[in-house]
Amino acid sequence: MAIRRIADRCDLCMRCVSECISGVWQISNGVPEPAAPQFCNCCSHCVAVCPNEAILHDQLDMKQVRPISKKLLDPNSCREILLSRRSVRRYIKKPVSRRIIQNTIDLARYSPTASNTQHVEYIVVTDPKKLKSVSEEVFAIARRIHDWSNTRPGKLVFGSLKLYPAMARLFEKYIDPMETYVAQRDAGRDLILHSAPALILVHAPSRSFFGGANCNIAAANIMNYAHSLGLGTCMIGFVTLASRFSKVLNQIIELPDGRKIHASLVMGHPKYDYTHTVSRKFPAVQWLT
């Protein structure tokens with residue numbers, strides 16, 4: 001790995017030294033030098049913080065580095081995106097272009113990852129047959145759980161689990177009303193993927209300590225950017241959960257060996273336009289001052 005400071009551009013501001021968490025950049029004889037390049041995790045912070053483009057790094061694509069358009073950083077626009085984004089469960093029958101999905105994922109790669117591992121990857125499902133198979137498999141799992149809950153051993157297990165308020169609410173919302181869900185499914189409603197034209201699965205190495213956090217940060221950025229484009233998204237937690245134990249599902253989505261899905265979301269063109277913000281509980285905040 002070769003990291004170099006361009007001396008005639010450097011104004012000795014020492015930002016690279018101050019910003020480098022890995023200890024790559026150090027002060028030597030009064031000037032910043034990449035004294036320990038072997039510790040570099042290619043986070044690009046030294047390049048981003050340098051005001052004079054005085055750093056060259058052969059492990060980075062310097063063509064991607066450009067000045068930030070700070071005039072475009074509008075807090076009011078960001079606030080409106082966060083306030084107005086909704087989980088969309090009704091879509092029109094119109095595909096989302098591959099270019100838009102690819103561009104959205106391309107932006108998501110700038111999401112932070114622990115220690116700059118950049119190990120987040122994606123599976124995009126737009127094949128209608130595969131989308132239907134995913135929905136049917138996940139729904140079938142839920143129905144099998146419901147049917148087993150009505151057996152003698154199931155009643156004993158579920159009865160014990162329902163002693164915990166969180167589990168009780170889970171079963172009351174998703175398992176107990178199964179007959180109603182079956183009727184809606186039989187009437188043609190997709191209760192899992194909501195008939196969306198695209199499913200995006202965000203995955204990381206199975207043994208990653210921070211894979212879940214990395215994937216969900218990327219998923220959140222995808223949803224917010226998609227909303228700015230006029231697209232709708234919805235996190236599908238049941239697909240993520242089912243992927244933990246369903247070999248059939250993982251075969252359908254062609255999940256690579258050694259990978260684990262941490263976030264699943266659908267994307268499409270919303271059937272309805274949301275014209276108002278919504279009500280949410282105020283957060284409980286504990287201040288330690």
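Trainee: Which residue in β3 is the bridge partner of Gln 26?

Mentor: Good place to start. Keep in mind that we are reading a predicted model. The partner of Gln 26 in β3 is Glu 33.

Trainee: In which sense do β2 and β3 pair, and over how many bridges?

Mentor: Strand β2, residues 25-28, runs antiparallel to β3, and four bridges join the pair. Together β2 and β3 make a hairpin, with two residues between the strands.

Trainee: How should I read the side chains along a strand?

Mentor: In a regular strand, side chains alternate between the two faces of the sheet.

Trainee: Where is Cys 42, and what is its phi?

Mentor: Cys 42 sits in the loop between β3 (31-34) and α2 (45-49). Its phi is positive, about 60°, although Cys 42 is not a glycine.

Trainee: Is Ser 115 buried or exposed?

Mentor: Ser 115 is exposed, because its relative accessible area is 60% and the cut-off for exposed is over 50%. Ser 115 also has a positive phi, near 55°. You will find Ser 115 in the loop between α4 (98-108) and β5 (121-125).

Trainee: Let's turn to pockets. What is the volume of the largest pocket, and which residues lie nearest its centre?

Mentor: The largest pocket has a volume of about 2,000 Å³. Its lining has 45 residues, and those nearest the centre are Ala 48, Gln 64, Arg 66, Ile 68 and Tyr 110. The elements giving two or more residues to this lining are α2, β4 (55-57), α3 (75-84), α4 and α9 (211-228). Sorted by class, the lining has 24 nonpolar, 14 polar and seven charged residues.

Trainee: How many residues line the second largest pocket?

Mentor: The second largest pocket, with about 830 Å³ of space, is lined by 27 residues. Ala 142, Tyr 174, Leu 191, Ile 192 and Phe 238 lie nearest its centre. Elements that contribute two or more residues to this lining include α5 (128-149), α7 (165-174) and α10 (237-242).

Trainee: Which classes make up that lining?

Mentor: The lining of the second largest pocket has 21 nonpolar, three polar and three charged residues.

Notes: Residues are numbered from 1 along each chain as its sequence is written. This is a predicted model: local features need pLDDT of at least 70, side-chain atom pairs count only at pLDDT 80 or more; totals for chains, interfaces and linings use all residues. Side-chain values use heavy atoms; hydrogens and water are left out. Buried means under 20% relative accessible area, exposed over 50%, partly exposed in between (1.4 Å probe, protein chains only). Two strands pair if DSSP finds at least two bridges between them. On a 1 Å grid over the protein atoms alone, a cavity is a set of points where a 1.4 Å probe fits but cannot get out, and a pocket is an open set with protein on both sides within 12 Å along at least five of seven lines; lining residues have an atom within 4 Å of a point. Grid points are joined across faces, edges and corners, and a volume is the space filled by probe spheres set on the points. Ala, Val, Leu, Ile, Met, Phe, Trp, Tyr, Cys and Pro count as nonpolar, Asp, Glu, Lys and Arg as charged, and the others, Gly among them, as polar.
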